[in-house]
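Here is a short report on one protein model.

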Amino acid sequence: LWPAASQLPLPRHISDVPAASAMWRRGGWHAAVEAAARYAAPQAVRRGSAGASAGACVGGRRELSGAVGALPPTCISGTATSSRSALSLAARGRAADARRELPAHGFGARAYSSAATAAGQEEGAKKKKAKAPLRPKEELLRDAKHHDVPVRRKAVKELGKYKDDPEAIQAIAVGLGDEDVAVQLAAQYAMGKVADKGDERTIRATLERTSSKCEWTRIAALSTLADITADFGHATRGSALDLEVDVAVRARLEDEDWGVRRAAIDTLAQRAEHNCAEAIAAARRLLEDQMGTVRESAIKAIAKLVPRGSREAIDWIAPRLDDWHESVRRAAVVAIAKIAEKGDQHAIELEKTACDDRSWIVRKAATDSLAKTATMNDLSSLRKLSKMLEDFDPLPRMAAIYGIAELVGVGHRKAIRLAVARLDHRDPGTRQACVQLLEKIATSDLTEVVGKVKERMDDEDEHVRDSAFYALEAIKKTPPDRCRWISDLPDLGDLDRLGFESSDDEEDENKQGLW
């Protein structure tokens with residue numbers, strides 16, 4: 001029966017299910033029916049009609065039954081008879097009864113076994129992967145010296161689970177001086193897990209690495225000290241060991257390697273008291289550093305340490321808006337928005353100037369900053385943000401869309417008029433941006449606006465047409481009331497540490513099903 005059945009045309013209903021198709025081609029057409037029955041149930045739920053799903057299965061059932069009936073008489077056996085019954089039950093969604101009808105011997109048993117195996121694998125993939133048991137410490141200590149980088153990295157990272165273990169702490173400290181950056185990052189992560197913040201053992205072991213001859217080791221040690229030492233005011237701060245850390249960090253501000261200087265100012269800002277004059281003075285000196293990344297970190301340190309509304313700090317940072325390095329200009333405009341009070345006209349003028357920067361990265365950051373600093377009734381800032389809808393790069397335009405919506409909220413007539421005036425702009429990107437802005441701030445009672453958006457359904461650009469379609473749906477659902485618009489975008493403010501906390505268990509889980 002099986003060789004003959006596998007040569008028959010594949011039924012239309014079964015061909016829609018990849019797992020069932022594979023079973024059918026292997027000769028397991030009982031298993032194919034089982035997979036199709038499993039597939040039919042969720043389909044019926046999604047369509048909201050179990051009857052519709054059962055009806056869809058009838059065609060497949062008839063084709064299979066006809067296929068079996070077309071076989072030569074010598075091929076027909078009790079297996080085919082019982083399979084016909086199981087097939088009929090499965091097509092009607094009675095999977096449990098169909099399983100009882102399947103033969104318990106011969107090819108039918110193997111076919112059902114393959115179906116059960118596939119079902120088990122599918123259900124197992126949905127379940128969260130159980131965490132593997134902790135590997136023996138001796139094995140991890142040995143692998144921490146392995147010649148293969150991934151092996152060392154995993155071993156060093158897992159040593160962090162041996163809480164307060166002296167051998168683990170020393171092995172992790174050695175990992176801070178590894179020749180590979182991936183292992184150093186794993187050691188930095190593990191050092192923060194192996195003991196509590198402010199623990200003398202981890203701090204002492206890390207502090208010894210800040211005087212290493214290797215600049216990468218010094219960078220790793222300084223970055224780790226920022227993670228494992230407690231914040232200012234903690235009971236462990238002010239001790240003799242803590243003062244040694246302060247001396248070591250400040251000494252590295254003059255390091256010959258720019259990466260070490262950057263790590264030093266980052267660590268100093270992390271550990272310092274808010275509005276610490278000594279730390280702020282150190283950051284100001286690094287504003288003139290020859291390396292752009294060091295100047296960028298110095299700007300971030302000042303923004304972190306100075307009090308809100310410090311006009312003096314804004315004046316320190318403002319010259320960096322003309323820096324040749326685009327990441328420094330971006331950091332400067334972001335820092336100004338962080339320091340300035342809401343409605344600070346001096347900061348607003350600086351942000352408006354940065355909106356015309358030659359780099360789209362700076363223009364995007366300046367648009368975001370202007371939307372944060374400006375007030376709702378500041379029409380000059382609103383016009384500038386509306387002008388950014390005409391930017392030739394999509395990200396500044398997107399920043400303008402969300403910035404205006406968050407600044408003025410739903411139903412702001414002036415912002416709506418500024419967007420409508422640009423619906424006929426020559427650039428399709430600007431037209432699309434205006435449609436997307438109206439989707440967020442226009443209300444259902446504005447019939448003229450709805451008509452203008454509807455005209456964009458016939459736009460020559462397909463992206464404008466798509467945006468107009470969704471905008472119309474959203475505007476019709478928005479009641480004619482003034483309210484605040486809340487962004488649905490995720491907070492990506494701390495991109496430097498994004499993904500730093502990911503674990504090997506998560507990585508392995510993501511790889512499941514790739515092989």
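## Salt bridges

A salt bridge here is a side-chain nitrogen of Lys or Arg within 4 Å of a carboxyl oxygen of Asp or Glu. The structure holds 36 of these salt bridges. One of them joins the side chains of Lys137 and Asp165, with 3.0 Å from N to O. This pair links distant parts of the chain, 28 residues apart. Lys137 is in helix H9 (residues 137-143). Asp165 is in the loop between helix H10 (149-159) and helix H11 (166-175). Helices (H or I, at least four residues) and strands (E, at least two) are DSSP runs, numbered from the N terminus. Both partners are buried: Lys137 has a relative accessible area of 15%, and Asp165 has 16%. Buried means under 20% relative accessible area, exposed means over 50%, and partly exposed lies in between (1.4 Å probe, protein chains only).

Two other bridges pair an Asp with an Arg. Asp255 meets Arg252, with the closest N and O atoms 2.8 Å apart. Asp255 is buried at 6% relative accessibility, whereas Arg252 is partly exposed at 22%. Asp323 meets Arg320, and here the closest N and O atoms are 2.6 Å apart. Asp323 is buried at 4% relative accessibility. Arg320 is buried too, at 15%. Elsewhere, shared partners join Asp424, Arg431, Arg456, Asp459 and Glu460 into one network of salt bridges.

## Confidence and basis

This is a predicted model, in which local features need pLDDT of at least 70, side-chain atom pairs count only at pLDDT 80 or more, and totals for chains, interfaces and linings use all residues. Residues are numbered from 1 along each chain as its sequence is written, and side-chain values use heavy atoms, with hydrogens and water left out.

The mean pLDDT of the protein chain is 79. Of its residues, 69% reach 70 or more. pLDDT is the predictor's confidence in each residue, from 0 to 100. Over residues 497-503 the pLDDT is below 50. Beyond near neighbours in sequence, that stretch has nine contacts in the model. Residues 505-515 also have pLDDT below 50, and nine contacts beyond near neighbours in sequence. A contact means heavy atoms within 4.5 Å. Where pLDDT is low, the predicted coordinates should not be read in detail.

## Overall fold

The protein chain has 29 helices and zero strands. Of its 515 residues, 49% are buried. Among contacts between residues at least 6 apart in sequence, 65% join residues at least 24 apart.

The accessible surface comes to about 26,500 Å² (Shrake-Rupley method, 1.4 Å probe; for residues, only the protein chains shown count as cover). Carbon and sulfur atoms account for 53% of this surface.

## Aromatic rings

How many aromatic pairs does the structure hold? There is one aromatic pair. Phe469 and Tyr470 form it, edge-to-face, at 5.2 Å centre to centre and 80 degrees between the planes. Rings of Phe, Tyr and Trp (its six-membered ring) pair if their centres lie within 6.5 Å; planes under 30 degrees apart count as stacked, over 60 as edge-to-face and the rest as tilted. Phe469 is partly exposed at 40% relative accessible area. Tyr470 is exposed at 54%.

Charges also sit over rings. The cut-offs are NZ of Lys or CZ of Arg within 6 Å of the ring centre and within 35 degrees of the ring normal. The charged end of Lys157 sits over the ring of Tyr189, 4.8 Å from its centre. Lys440 lies over the face of Tyr402, at 5.0 Å from the ring centre.

## Single residues

Gln436 is in helix H26 (residues 428-441). Gln436 is buried, with a relative accessible area of 18%. Leaving aside neighbours within four places in sequence, Gln436 is in contact with Met398, Ile401 and Ser467. Ala474 lies in helix H28 (residues 462-477) and is partly exposed at 21%. Ala474 and Thr443 are 31 residues apart in sequence, yet 8.8 Å apart in space, C-alpha to C-alpha.

Asp164 sits in the loop between H10 and H11 and is partly exposed at 35%. Asn275 has a positive phi of about 65 degrees and is not a glycine either. Asn275 is in the loop between helix H16 (258-271) and helix H17 (277-286). Asn275 is partly exposed at 44%.
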